[in-house]
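The topics are taken in turn below.

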Amino acid sequence: MGMPDSSAQKFAGSLNSAMIDGAQARAAQQYADRFGEPGFTDITNAYIDQQYQGYSAENQETWRNLHDRQMDYLQDQASATYLSGAQNINLVRDHIPYLEGPKSINTYLRQLTGWQSKAVPGYLKPHAFFGCLARREFPTTVVIRPKESIDYLPEPDIFHDVFGHVPLHADPTFADFLQTYGKAALATDDPIHTERLARLFWFTVEFGLIKESGRHKLYGSGLISSPGESRHALTSSEVDRRPFDMERVCSTSFEIDHYQPILYVLESFEQLRDAMNSYANRLLDAAKTGESHGCSTSR
Ligand SMILES: [Fe+2]
């Protein structure tokens with residue numbers, strides 16, 4: 001949680017926030033809000049416990065309903081990398097995932113790629129969000145949307161963050177890409193790069209498509225976790241599906257409050273990782289030599 005999502009901010013406040021109202025969560029949020037200031041340099045102070053006992057029977061039912069509505073469809077429409085990741089972290093329908101503990105997603109992830117999902121109390125500013133990614137840690141919303149809002153994708157909840165995002169963190173290539181992304185984003189305070197990197201995140205991590213066996217498949221979390229938009233992304237004649245090109249992606253602006261009219265299609269996750277490595281190297285070299293931009297800024 002932290003970057004712009006497919007969420008409609010107009011639904012903000014619809015989550016049942018009882019689980020993240022305690023003193024620990026308030027302290028963590030205050031720390032996160034000041035991350036980067038002197039004395040606020042350890043992002044792990046923004047993490048909280050999942051407090052699993054806080055989920056109600058209705059919350060668990062909401063998870064099962066969300067899972068059932070989407071997983072069957074994804075079997076034939078999602079990237080094989082997503083599907084094997086979901087299996088490998090033991091993402092199941094019968095309960096909201098445990099982040100920590102013997103059968104938790106983190107236990108599986110640790111062995112696969114070293115990534116971890118860390119519970120956070122709420123929205124993280126970009127700098128704090130990037131600080132997590134640079135450590136191979138994904139700031140994860142633990143609350144789940146209320147039953148009556150099941151058809152909306154409001155601000156991220158645990159279904160979006162874990163069902164939508166985390167399976168890809170089990171893939172070594174995507175895992176490396178996302179950490180490099182975090183390091184590069186953390187290294188720059190140039191608003192032009194920050195905006196370009198936000199666009200990259202949007203068109204890949206959130207709304208990316210990938211070509212597999214000659215077909216478009218879903219991998220972006222905003223598509224994976226949305227029954228409506230996933231179908232629209234694959235079938236609508238109104239969607240402009242473009243081949244992935246780093247420069248073009250970083251130059252494409254996006255809007256968050258309706259289905260995406262433009263999507264970018266990867267050839268492979270290696271393509272994304274390699275493009276990210278090149279971008280990061282240019283950015284870090286530019287930072288060393290004092291240039292303000294590591295690459296073109298054409299729009
Ligand atoms: Fe997301």
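Which residue in β2 does Q116 stand opposite? Q116 stands opposite E137. The model that shows this pairing is a predicted one. Its chain contains 12 helices and 6 strands, and buried residues account for 44% of its 299 residues.

- Strand β2 (residues 137-141) pairs with β1 in the parallel sense, and the pairing runs over 5 bridges.

**The four-stranded sheet**

- An open sheet of 4 strands is ordered β4-β3-β6-β5, and its pairing is mixed.
- Its edge strands are β4 (215-218) and β5 (240-243), each of which pairs on one side only.
- From one strand to the next, the twist averages 40 degrees.
- Within this sheet, strand β3 (residues 209-212) pairs with β6 in the parallel sense over 2 bridges, and I210 stands opposite L266 in β6.
- Helix α10 (residues 227-235) lies across β3, β4 and β6, and runs at about 160 degrees to β4.

**Helix α3**

- Helix α3 spans residues 80-88, and its buried residues are T81, Y82, G85 and A86.
- Seen down the axis of α3, these buried residues fall within an arc of 135 degrees, so they line one face of the helix.
- The elements that cover the buried residues of α3 include α7, α9 and α12.
- N90 follows α3 and has a positive phi, near 65 degrees.

**Helix α8**

- Helix α8 covers residues 191-206, and its buried residues include the aromatic residues F201, W202 and F203.
- Also buried in α8 are H193, R196, L197, L200, T204, V205 and E206.
- The packing partners of these buried residues are the helices α7 (172-187), α9 (221-224), α11 (246-250) and α12 (269-289), together with strand β6 (262-266).

- The largest nonpolar core holds 77 residues.
- The residues with the most contacts inside this core are A28, A32, A46, V120, A128 and L218.
- Leaving aside residues up to four places away in sequence, A28 touches N45, A46, Y47, I48, V120 and P121.
- In soluble globular proteins, nonpolar side chains tend to be buried together.
- Of the contacts in the chain between residues at least 6 apart in sequence, 67% join residues at least 24 apart.

**Residue R248**

- Where is R248 placed? R248 is in helix α11.
- Why does R248 count as partly exposed? R248 has 15 C-beta neighbours inside 10 Å, whereas a buried residue has 20 or more and an exposed one 12 or fewer.
- The C-alpha atoms of R248 and Y264 are separated by 9.5 Å, and the two residues are 16 residues apart along the chain.

Note on methods:
Residues are numbered from 1 along each chain as its sequence is written. This is a predicted model: local features need pLDDT of at least 70, side-chain atom pairs count only at pLDDT 80 or more; totals for chains, interfaces and linings use all residues. Two residues are in contact if their C-beta atoms, placed from the backbone, lie within 7 Å. Two strands pair if DSSP finds at least two bridges between them. Axes are lines fitted to C-alpha atoms, for helices over the stretch in contact, and angles run from 0 to 180 degrees between N-to-C directions. The arc is that of the directions from the helix axis to the C-beta atoms. A nonpolar core is a set of buried Ala, Val, Leu, Ile, Met, Phe, Trp, Tyr and Cys residues joined through C-beta atoms within 7 Å.
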